Amino acid sequence: MGGNSEQPCIHPYKSLAEDGHFGSVEPPKRDTSRLIMHSLAMLGREFCYAVEAAYVTPVLLSVGLPRSLYSMVWLLSPVLGFLLQPVVGSASDHCQARWGRRRPYILTLSIMMLLGMALYLNGEAVTSALIADPRKKLVWTIAITMAGVVLFDFAADFIDGPIKAYLFDVCSHLDKERGLRYHALFTGFGGTLGYILGAIDWAHLKLGRVLGTEFQVMFFFSALVLTLCFMIHLCSIPEAPLRDVAKDVPPQQALQDALLSPDRMYEYGSIRKVKNGYVNPELELQGEKIKSEQAQRTVTIKSLLRALVSMPLHYRWLCVSHLIGWTAFLSNMLFFTDFMGQIVYHGDPYSAHNSTEFLIYERGVEVGCWGLCINSVFSSLYSYFQKALVSYIGLKSLYFMGYLLFALGTGFIGLFPNVYFTLVLCALFGVMSSTLYTVPFNLMAKYHQEEQEKKKKQTRGGGLDSSWRGQGLDCAALTCMVQLAQILVGGCLGLLVNIAGSVIVVVITASVTALIGCCFVALFVRYVD
């Protein structure tokens with residue numbers, strides 16, 4: 001994709017035999033249970049995100065983090081993610097681990113998520129047990145808590161790319177669409193569970209007294225859910241390793257064995273052996289390439305940048321539309337509870353903590369958390385009905401409708417900040433959330449499928465193009481738009497609030513940005529029938 005057009009290339013799913021006896025090869029149809037198991041990773045990830053959204057600000061306030069360091073906490077992780085996400089995506093395309101290309105990265109990042117939660121939810125308890133000097137204890141508590149927040153955000157943002165690439169590698173096009181809908185469904189379900197558990201007053205319950213504080217209670221649930229979900233996810237669908245097949249057998253013979261021998265056993269790491277008669281041809285051809293072109297084993301920054309620059313124009317427009325959508329969504333969601341407390345409930349977060357104004361503000365924040373819960377519920381419901389909708393209105397209308405409804409919803413709550421009206425309109429936020437998690441990746445899958453068909457018709461021989469980009473890199477380029485949106489929101493929106501003197505500018509900005517996104521997805525994004 002997007003390489004030098006003068007060089008011959010083979011797409012991973014082209015007609016693989018020289019004599020044309022083999023047609024286009026797709027992975028076998030996956031059972032619904034397997035796709036659900038694969039989607040549980042999104043449930044675990046979003047559950048932990050919801051816990052962070054509910055508890056990270058109280059944690060940072062409780063450890064005495066200076067206000068001057070707030071921007072560092074929120075911007076460091078997305079900056080690192082934006083810079084390194086394509087590197088990790090490209091590296092996973094070339095990973096030769098026995099587990100496959102994606103699962104080693106998913107396992108590593110899930111462990112980093114768990115470690116990050118342990119640090120920011122238990123940092124004060126750990127330092128209190130180990131350090132007696134109050135001054136040193138304060139410094140170390142702040143440092144450990146900051147490190148935990150940054151590590152968790154970094155890993156949780158990063159892990160989406162390998163999960164999507166894993167799905168694309170092992171599923172046919174129809175199963176990719178089904179899998180993405182299940183991803184969005186379980187994303188909403190995980191967020192709902194996380195917000196509900198975060199809204200419970202654990203300090204007055206027995207479990208809270210046993211574990212110490214509500215922070216420890218939430219770490220217990222988060223660690224349990226995350227561990228179980230990712231264990232099931234990693235065992236969900238077999239992933240063939242990127243092997244140097246030319247070392248053992250000739251490439252053509254290896255390919256024929258893979259296609260024609262349903263009883264052949266393939267090793268998929270330490271989890272299980274699978275007997276399904278399918279090996280992704282992308283892996284076979286890349287194995288052949290590695291044998292003949294040893295110098296290309298290492299992913300260099302130069303080659304990575306060349307691959308990103310050579311990205312076809314319609315991929316770039318899709319990335320820009322994704323950036324606009326996430327900028328609008330995060331502008332609203334990151335400040336929504338503050339908006340509820342100050343604008344809807346007319347509270348004051350800067351008044352004395354025992355004052356009526358501050359208590360009213362806290363009540364608004366609590367109601368805002370329930371609004372985020374409504375958003376998650378409707379995100380799941382909308383994801384469930386997307387299949388029926390897309391068959392009637394198509395991807396373009398579905399994409400446009402998600403942005404438009406979000407723009408109208410945020411605009412109306414800015415103009416009419418009523419409690420019940422705002423909570424009802426939170427359902428439209430769920431429509432936008434589901435749209436962002438599914439439609440762009442559906443379009444990318446269609447782009448890949450279209451290119452595969454073109455390469456199959458145009459090419460019957462030759463080697464892989466040296467500028468070839470794997471699906472991991474494409475998914476990473478798309479998901480790193482989320483980090484760029486976080487950078488834009490974190491760096492600019494606070495300044496806008498200070499200039500305007502009111503957080504109502506937050507929802508107005510979200511509405512205007514979403515309307516710009518409506519125009520963009522209608523005019524610039526390319527849709528494949």
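These questions and answers go through some terms applied to a predicted model of a protein chain.

The model is predicted, so local features need pLDDT of at least 70 and side-chain atom pairs count only at pLDDT 80 or more, while totals for chains, interfaces and linings use all residues. Residues are numbered from 1 along each chain as its sequence is written, and side-chain values use heavy atoms, with hydrogens and water left out.

Q: Why is arginine 178 called buried?
A: Buried means under 20% relative accessible area, exposed over 50%, and partly exposed in between, with a 1.4 Å probe and protein chains only. Arginine 178 has 15% relative accessibility, so arginine 178 counts as buried.

Q: What is arginine 178 in contact with, leaving aside its neighbours within four places in sequence?
A: Contact means heavy atoms within 4.5 Å. On those terms arginine 178 touches Lys29, Arg30, Asp31, Thr32 and Leu35.

Q: Why is leucine 80 called partly exposed?
A: The relative accessibility of leucine 80 is 32%, and therefore leucine 80 counts as partly exposed. Leucine 80 lies in helix α2, residues 70-93; helices are DSSP runs of H or I with at least four residues, numbered from the N terminus.

Q: How many aromatic pairs does the structure hold?
A: There are 19.

Q: Why is the pair of tryptophan 326 and phenylalanine 329 called edge-to-face?
A: Rings of Phe, Tyr and Trp (its six-membered ring) pair if their centres lie within 6.5 Å; planes under 30 degrees apart count as stacked, over 60 as edge-to-face and the rest as tilted. Here the centres are 5.6 Å apart and the planes stand at 90 degrees, so the pair is edge-to-face. Both residues lie in helix α12 (residues 313-333), three residues apart, about one turn of the helix.

Q: Are tryptophan 326 and phenylalanine 329 buried or exposed?
A: Tryptophan 326 has a relative accessible area of 7%, so it is buried. Phenylalanine 329 is also at 7% and therefore buried.

Q: What makes phenylalanine 416 and phenylalanine 421 an edge-to-face pair?
A: Their ring centres are 6.4 Å apart and their planes are at 75 degrees, so the pair is edge-to-face. Phenylalanine 416, at 46% relative accessibility, counts as partly exposed, and phenylalanine 421 is partly exposed at 32%.

Q: Where does the charged end of lysine 176 sit?
A: A charge sits over a ring if NZ of Lys or CZ of Arg is within 6 Å of the ring centre and within 35 degrees of the ring normal. The charged end of lysine 176 sits over the ring of phenylalanine 168, 5.4 Å from its centre.

Conventions. Helices (H or I, at least four residues) and strands (E, at least two) are DSSP runs, numbered from the N terminus.
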